[in-house]
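Hi,

Here is the structure I promised to pass on. Have a look at it first, and then read my notes below.

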Amino acid sequence: MIKDDCIFCKIAKGDIPSATIYESNELKCILDVAPANKGHALIIPKEHFDNIFELDAETAAKVFSFATIAAKAIKEETNCDGLNIVQNNGEVAGQTVNHFHMHIIPRYKDDGVKLGWKQLETNPDEQNELAKAIKSRL
Ligand code: 5GP
Ligand code: ZN
């Protein structure tokens, strides 16, 4: 499915131009127009899925499979020291474009890019109970 009012559907179709790294029948990989760092890329399924809650496992496998290839090429080209894979789902999680996409963000020493969280404390009983509850929903 393609959504008429979706910017990434338009990019996927080529109606809006993008600096394109790769394109197949299913995927497009482009450079982010407002990158966190040089070489920041996005992998976008051509079909419209709002987020991971809608995405099927087969498309997800294609996205991540291509991420392994793109990551190496981006590392080679940019000489980055490391790389983050980021994938936001829902406004509260920082998603601003509601068409599933995966960020590939090259990282450089002292680059000042902030991706982090304060770590909560846990206890084993609560963790085991939660793991069991989630497992029952798989
Ligand atoms: P999100 O916050 O939804 O995870 O990420 C959306 C990303 O899409 C942002 O990093 C933003 O810079 C990028 N973006 C938004 N509009 C465009 C566009 O028209 N072209 C490209 N190449 N990237 C875009
Ligand atoms: Zn879309």
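A word on naming before anything else: helices (H or I, at least four residues) and strands (E, at least two) are DSSP runs, numbered from the N terminus. This is a predicted model, in which local features need pLDDT of at least 70 and side-chain atom pairs count only at pLDDT 80 or more, while totals for chains, interfaces and linings use all residues. Residues are numbered from 1 along each chain as its sequence is written, chains are lettered from A and ligands numbered from 1 in the order in which they are written, and side-chain values use heavy atoms, with hydrogens and water left out.

Overall layout

The protein has 3 helices and 5 strands, and along the sequence they come in the order α-β-β-β-α-β-β-α. Its C-alpha trace spans about 50 × 40 × 25 Å along the principal axes. I call a residue buried under 20% relative accessible area, exposed over 50%, and partly exposed in between (1.4 Å probe, protein chains only).

The ligand

The space it takes is the largest pocket. For the record, a pocket is found on a 1 Å grid over the protein atoms alone, as an open set of points where a 1.4 Å probe fits, with protein on both sides within 12 Å along at least five of seven lines. A molecule sits in one if more than half of its atoms lie within 2 Å of its grid points.

There are 16 residues around ligand 1, and the closest are D32, G94, T96, H101 and H103; to be in that shell, a residue needs a heavy atom within 4 Å of the molecule. Which elements each supply at least two residues of the shell around ligand 1? They are α1 (7–13) and β2 (27–31), and α1 gives the most, with 3 residues.

As for polar contacts (pairs of N or O atoms within 3.5 Å; within protein, one must be able to donate a hydrogen and the other to accept it, and residues adjacent in sequence count only if both atoms are side-chain atoms), I can point you to these. A polar side-chain atom of N88 sits 2.9 Å from an oxygen atom of ligand 1. G94 uses its backbone instead, with an N or O atom 2.9 Å from an oxygen atom of the ligand. V33 also brings in a polar backbone atom, 3.3 Å from a nitrogen atom of ligand 1. On its own the ligand has 520 Å² of accessible area, and the protein covers 82% of that; such areas come from the Shrake-Rupley method with a 1.4 Å probe, and for residues only the protein chains shown count as cover.

Cysteines

How many disulfides does a search of the whole structure find? The count is 0, where a disulfide is a pair of cysteine sulfur atoms within 2.5 Å. C29 is in none, and the nearest cysteine sulfur, that of C80, is 13 Å away. C29 counts as buried because its relative accessible area is 0%. C9 is buried too, again at 0% relative accessibility.

Some single residues

Back in α1, F8 is part of the helix and is buried, given its relative accessible area of 7%. F8 and N98 are 90 residues apart in sequence, yet their C-alpha atoms are 8.5 Å apart. D5 comes in the segment before α1 and, at 63% relative accessibility, is exposed. From D5 to K114 it is 109 residues in sequence and 31 Å in space, C-alpha to C-alpha.

In the loop between β2 and β3 (41–45) you will find K38, which is exposed at 62%. Its C-alpha is 9.6 Å from that of I74, 36 residues away in sequence. L55 lies in the loop between β3 and α2 and is buried at 14%.

Finally, two backbone angles to check. N79, in the loop between α2 (57–78) and β4 (82–86), has a positive phi of about 60° although it is not a glycine; N79 is exposed, at 60%. D110, in the loop between β5 (102–107) and α3 (124–135), also has a positive phi without being glycine, near 55°. At 72% relative accessibility, D110 is exposed.

Cheers

Notes: On a 1 Å grid over the protein atoms alone, a cavity is a set of points where a 1.4 Å probe fits but cannot get out, and a pocket is an open set with protein on both sides within 12 Å along at least five of seven lines; lining residues have an atom within 4 Å of a point.
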